[in-house]
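Let's work through a few exercises on the structure below. Have a go at each task before you read its solution.

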Amino acid sequence: MKKYDITISAILMVAAAALFLSASNLPEVEGAIGAGTWPQVLAVLLFLLSALLMGQALTGHSSKEEPFDIHSPGFKRVLIGGGIIVVFCVLLKFLGFILASAFMIPAIMRLMGEKRIKVLVGLTVGVLVAVYLIFTVALRLPLLQGSLF
């Protein structure tokens, strides 16, 4: 497991650095937090957690068991979740953030085992309203609009 931890942590540290640098190019909003602030915070957290993982691997505190079984139901759920994210990214380009998220949130919740329709709809609407109010109203940052709408 040690070699997997070192490899993954190195890849994630490079990805965090790239994310931080690309977020630096996002436009700033006068009198408000810029669009790049939150991605930069997440990039720093990703880098620190990756460094922690590498530190654990280098000091011998890695798990001795195999990292995953590609035939397990959990791994299949990970692949399905990755597919949902890919579809979300495509929908994001054409439909915009709100409509794409209206697909992704309940799809991921369903994948994680939630079956109650009221919970799926209620949480989806609640999250989307909260995101709209926080970003569009409070921070005055526009949400991504799709090319079709």
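Helices here are DSSP runs (H or I, at least four residues), numbered from the N terminus, while strands are E runs of at least two. The model is predicted: local features need pLDDT of at least 70, side-chain atom pairs count only at pLDDT 80 or more, and totals for chains, interfaces and linings use all residues. Residues are numbered from 1 along each chain as its sequence is written, and side-chain values use heavy atoms, leaving out hydrogens and water.

**Exercise 1.** Check the length of α4 against its number of residues.

*Solution.* First, take the expected span, which is 1.5 Å times one less than the number of residues. For the 15 residues of α4 (residues 97-111), that should be 21 Å. Next, look at the end C-alpha atoms: they sit 20 Å apart, so the two agree.

**Exercise 2.** Which residues of α4 are buried, and what do they pack against?

*Solution.* Buried means under 20% relative accessible area (exposed is over 50%, partly exposed in between; 1.4 Å probe, protein chains only). The buried residues of α4 include Ala100, Met104 and Leu111. Their partners, by contact (heavy atoms within 4.5 Å), are α3 (73-95) and α5 (117-138).

**Exercise 3.** Now do the burial step for α5.

*Solution.* The buried residues are Leu120, Thr124, Leu128 and Val131. These pack against α4. Past the helix, α5 is followed by arginine 140, with a positive phi near 55°.
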